[in-house]
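I opened this model to see how its parts are held together. The entries below follow the order in which I looked things up.

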Amino acid sequence: MPRHKTLVSIGHRIMKRFHQLDLRVDKEFVIYMVHLLARDRRKGLLKSDLNKPTACAIESFVNTIVDSYVNSKDCTMANMKMAWVMKKGVTIDLEYVKKQYEDKFQTELQLLIKDILQYPETCSKLQLDQLFAKMQVFIVVCYNLGSPKNHVLLKLTAQALNSVIGRSDLQNYVLKKKYHRLEYLQRLSATVGGIVIYNNDGPDGDRENVRSVVDDLEMAQKNTEAAFADSMGRAVKMQSTCQAALDELINIDHKDETLTYRVPLEHLDRLNQFSVTYFMLHRCLTTLNEHYQKTVYLIEVEQKRYQCVICKIDDTLSMRTAIDSELIFPHFVYLSQVWGNLNNFLNHIVELNKLREQVEALVVDDLMTLTKATITELQALHKRIKKSKVCTFEERMDAVKDLQTDGNFCKLNKADIKEFCSLAMTITNGLLMPAQVTRKLCSNVDITFGFRDPRYARFAELRFEPFIAAFRKVVFNNANLALLFKLDDALIEQELQDVIVEPPKQTDFQGQTEMVVTNDLSPANWINVTWNAWDYHRETIHLANIRKQQTNDSQTNISYGRRNAQNQTYNCRQHK
């Protein structure tokens, strides 16, 4: 495949250029970037350039990608980087974060566990004191109760530990097998951790020394919601500014089916790139915010469990002076588990904020200044140009006939395109205009299109085939739109795979034995050699009749439980 080989060689050249510039760029991202930008009608390569590449075209394409990567104000590269962060941001998943943190924590905890389990059965008093101190540290670290160097926290943990295990119990602990010791240590830490958490819950708790995950979550939620609201608000404001400017610079008349503009569409596309970038930023933040809201719901449920078990312990302690450990200790263990779950939710919020900061950093503040400057420039150009250009919808759709794409129309059902006017995108080469109504134009494929007006939708329905052909070419030949609508993977998935070598249709194997019996209809062979399909039907019916006549009764004459049953006479079951 010449196209595939050309793109691979371009990727190698770009990696060399990045090494020369001392830039560390993920190789997978370079491959993704090359395959996607090669299809862009502004920065990409024509199909002829890929099949029979010329040195000038390839060098220009390589320079374009490298310059775009180092330019923080390049909208297409910013969109691509945001899409890549969201693809590789596995920490967006709560279960993944929980597993990663627990695996890392258990790895770091193994050294302390090994140190606790090393004490021999014949421990001296000093060794038992050391073991007791290490158990305190283990409990504090295991449930994130605070700093293990805080002597006040260690003292509180020692008091709770003394209430559960005494000196004689500690001596018995070292007599256990190692695997029994580890199991007991885990149960002991859960119980003691729950006691420390319960003793410091509420307004009377020692907040200076004992950590409160409930307060930490409250602060984290407050800061995260404020950060999301601020970022999404700025993105929406810039979206509205860009779309309002575009709406002033072009005029779409649905009655006469004409498009009127003064500033060339190539210049308007510069402004449209900023609009796409801010829409991309808003969609990325919306995705992160949705995962955050799911975690917030789980936090609310877990906090209710936390308050429930606290109340249960209060009720249990208020009724009795002497309480059996088997009655109260399970509540402390459950409290420790709830505390651990709240810690996992806090870790997930931290990871979501890291992803949010990565996405926000890709849209620099200078981009907002450049957007406003571009709007001012285009508005001034619009005033200077006195003569307007008028094109019909049909002419604009015919203008993209020469564009080539291998994008599949059916992939559009996965894209969220209903937010923008599909007809406006088609006749303006991808300018984003807000949609007011939605329509499903194709009954065979579940694709919802957006339109500014019902009359726009009527035009698309009447000219469905040319509209769809033009719309498909406009979307799949624009890297920004492919990224915004999450069609990038569908567009390049075939070429990202290794080159597939089709197996030969015929195989010549020297040891192959052909069936040479052609007319043997004996019972042993007739099924294998007959070419009459009705023979198979008759055999199937024959086997079905045999199966139908089988009895379900497991009792037989031989297995009736009598010795030499074949020589005896007795009544059968059905005669009883």
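**Entry 1: salt bridges**

I count a salt bridge when a side-chain nitrogen of Lys or Arg is within 4 Å of a carboxyl oxygen of Asp or Glu. I am working on a predicted model, where local features need pLDDT of at least 70 and side-chain atom pairs count only at pLDDT 80 or more, while totals for chains, interfaces and linings use all residues. Residues are numbered from 1 along each chain as its sequence is written, and side-chain values use heavy atoms, with hydrogens and water left out.

My search of the whole structure gave 24 salt bridges. I looked at Lys134 and Asp115, whose closest N and O atoms are 2.8 Å apart. For helices I take DSSP runs of H or I with at least four residues, for strands runs of E with at least two, and both are numbered from the N terminus.

I call a residue buried under 20% relative accessible area, exposed over 50%, and partly exposed in between (1.4 Å probe, protein chains only). Asp115 has 24% and is partly exposed.

Which residue does Asp247 meet in a salt bridge? The partner is Arg452, at 3.3 Å from N to O. This pair links distant parts of the chain, 205 residues apart: Asp247 sits in helix α11, and Arg452 in the loop between β5 (449–451) and α17 (454–462). Asp247 is partly exposed at 37%, and Arg452 is partly exposed at 24%.

Glu360 and Arg356 meet at 3.1 Å, N to O. Both lie in helix α13 (residues 325–362), 4 residues apart, which is about one turn of the helix. An α-helix has 3.6 residues a turn, so residues three or four places apart point the same way. Arg356 is buried, with a relative accessibility of 8%. I also noted that Lys87, Asp488 and Asp489 are joined into one network by salt bridges that share partners.

Is Gln136 buried or exposed? Its relative accessible area is 10%, so Gln136 is buried. Gln136 is in helix α7. I listed its contacts (heavy atoms within 4.5 Å). Leaving out residues up to four places away in sequence, Gln136 touches Leu154, Thr157, Ala158 and Leu161.

**Entry 2: the sheet**

I looked at an open sheet of 3 strands in the order β1-β2-β3, with antiparallel pairing. Two strands pair if DSSP finds at least two bridges between them. β1 (250–253) and β3 (389–392) are at the edges with a single partner strand each, so one side of each has no neighbour in the sheet.

Between β1 and β2 (residues 258–261) I found 4 bridges. One of the residues I traced was Asp253, whose bridge partner in β2 is Thr258. The two strands form a hairpin with 4 residues between them, and Glu257 in the turn has a positive phi of about 55 degrees.

Along β1 the side chains alternate.

**Entry 3: the nonpolar core**

For a nonpolar core I take buried Ala, Val, Leu, Ile, Met, Phe, Trp, Tyr and Cys residues joined through side-chain atoms within 4.5 Å. The largest one has 161 residues, and Met33, Phe467 and Phe485 touch the most other members. Helix α12 (residues 265–319) gives the most to this core, with 19 residues.

I followed Phe467 further. Beyond its neighbours within four places in sequence, its contacts include Met397, Leu441, Phe449 and Ala460. Phe467 is also one of the buried residues of α18, among them Ile468, Phe471 and Val474.

**Entry 4: the whole protein**

Last, I took the totals. I noted 22 helices and 5 strands. Of the 576 residues, 43% count as buried. Of the contacts with a separation of 6 or more, 75% are between residues 24 or more positions apart.
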